[in-house]
Amino acid sequence: MPLIWNSTRESILVILGPLLLLAFLLVPRGWANDHVKQVSGLAASVTVAAFTAAVLCSLHQAVFGRIHNVFAEWNHLQIGIYCDSISAIMMLLVATLGMFVTRYACRYLHGDKEQGYFLKWLCVTIGAVLTLLVAGNLVLFAGAWIATSLALHKLLTFYAHRPGALVAARKKFVISRLGDFCLLSALILVYRLFGTWEFRELFADAAALHTSGHVPPAIIPVCLLLAGAAMLKSAQIPFHSWLPDTMETPTPVSALMHAGIINAGGFMILRLSSIVSLSPLAMDMLAIVGVCTAVFASLVMMTQASIKRMLAFSTIAQMGFMLLECGLGAYSIAVLHIVAHSLYKAHAFLSSGSVVSISNTSCVLRERPATHPGIFAAAVLTSVLVTSLTAYFWGVSPLGNPDAALLNSILLMSLAYWLWTMWNQSITPRLVAVGLLLAGMLSGLYFGLHLSFQVLLSSAFPVFRVHHSPGHGVLLFTIWTFFVGMLMLQSQLPQWESSAWCRSLYVHARNGFYFNTLANRAIQAVWPVRPR
């Protein structure tokens, strides 16, 4: 088939932001550093233009539906876009974060002799992420996936004179190449199985397989490879140690990476959810690795003294929980989780420098009293009542859906811990009333946002009958036990902190259970960092 070119106004609007940002590849390093003022102004203007285009695309998609177009085609290779509701939401999120992070970077690196070079690769990285979000087929998706990693590597090695930064960047580089191998292997198998890489055709074929119930065994390795690529990209245990060590990079890199780029693995599962959900084994693997990572990173996070390392382990835990949601088939909740976590984490990193001044005016409890059994029981019962009433108000019924019941029980545990923390200090009628009011508001907000995202994403995530593995019930009970254990550990910590086993656990958790030490030794053995 000859090369063709086809475009529409809305399609041009979709690719405008990525093209403008990727055009920074043409800017020479020397010119960028010698003309910092011009580069800063151009970077700020381009990110604003990308944000404006993302807003218009989101509005167009909401009114007129999915945007799909093939710009160029040659034989079986195509260059096109596929912008549905999930693409629109994620594109608006990344464009917003990119605009603010770029403006922050212009001030943060003011006076640095390599500021122009940094801004160049920052814009290229944002452009690669936006390309990933609107790619129309698996080949373009894989190309943007790899390009994002390579562009990010330039930012992670910005301070090349810091050995810690180089070790972290090289660990990330090696792990990312493993993820690329998984994705490219899946890409080959997908073409052999479906005969196409186009998302629209892949989704139609996957829907037919869901409807017929006859799933070919060849789909299992495809789904396992996709799940493996997502876990490698999302810093899941034991491939997580690079993320906390990237604190040697400039703060804008941390903000963009933790709020945007780290979501690429989860977005891939969401984009290919109709394919991945054909394999119960892959879904269970996502859930198992996700919950193990969430529990592990939460334990480590509670022991960290560094604000940024604590935020890094928080990101690892959040990514684990997001993959758990994907493994349970709660895709709309996973999108909501990504949006909320990205906005929170971007703000946390960009404002981390003001933590010291804030702490000087904060009220910090020097000692936390032990848990009173009656107060703890009251907090749990109150959470059950509040979540049940708000779920009934919004018309949400987890009965008959064990996966939804598990996620609702995790919300219940969070509210119970929060209420216990409030009431254990001073249980007065006023605090009881405030706790009930806020718990009801938080629970109602959760269910309201959940239903809103379900409506927004109904076309992107068709409802298929999920075929669970025989041991799925045991898996759900195990996951529930993990979260109950974390709740008990946090609530009983004041009583247990003086015990020998608790002190030993603290030491091991403070050191990240030594995964980082082993990973550093491994990377130094195969790709050593020489001191300058």
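Is aspartate 180 buried or exposed? Select aspartate 180 and you will find that it counts as buried, at 5% relative accessibility; buried means under 20% relative accessible area, exposed over 50%, and partly exposed in between, with a 1.4 Å probe and protein chains only.

Before you go on, a word about the model: it is predicted, so local features need pLDDT of at least 70 and side-chain atom pairs pLDDT 80 or more, while totals for chains, interfaces and linings use all residues. Residues are numbered from 1 along each chain as its sequence is written, and side-chain values use heavy atoms, with hydrogens and water left out.

**Stop 1: a pair in helix 7**

Arginine 177 counts as partly exposed, at 23%.

**Stop 2: a salt-bridge network**

Now select Lys171, Asp245 and Arg309, which are linked in a network of salt bridges. Between aspartate 245 and arginine 309, the closest N and O atoms are 3.1 Å apart. This pair links distant parts of the chain, 64 residues apart: aspartate 245 is in the loop between helix 9 and helix 10, and arginine 309 is in helix 14 (residues 307–327). Aspartate 245 is buried at 15%, whereas arginine 309 is partly exposed at 24%.

**Stop 3**

Next, pick glutamate 248 and arginine 162, whose side chains form a salt bridge of 3.6 Å, N to O. Glutamate 248 lies in the loop between helix 9 (219–233) and helix 10 (251–259), and arginine 162 in the loop between helix 6 (138–156) and helix 7 (163–194), so the pair ties together parts 86 residues apart in sequence. Glutamate 248 is partly exposed at 31%, and arginine 162 is partly exposed at 30%.

**Stop 4: a strand residue**

Move to glutamine 78 in strand 3 (residues 77–83). Glutamine 78 counts as buried, at 18%. Leaving aside neighbours within four places in sequence, its contacts (heavy atoms within 4.5 Å) are Val70, Ala72, Glu73, Asn137 and Glu198.

**Last stop: tryptophan 527**

Finish at tryptophan 527, in the segment after helix 22 (515–526). Tryptophan 527 is partly exposed, with a relative accessible area of 31%.

Notes. Helices (H or I, at least four residues) and strands (E, at least two) are DSSP runs, numbered from the N terminus. A salt bridge is a side-chain nitrogen of Lys or Arg within 4 Å of a carboxyl oxygen of Asp or Glu.
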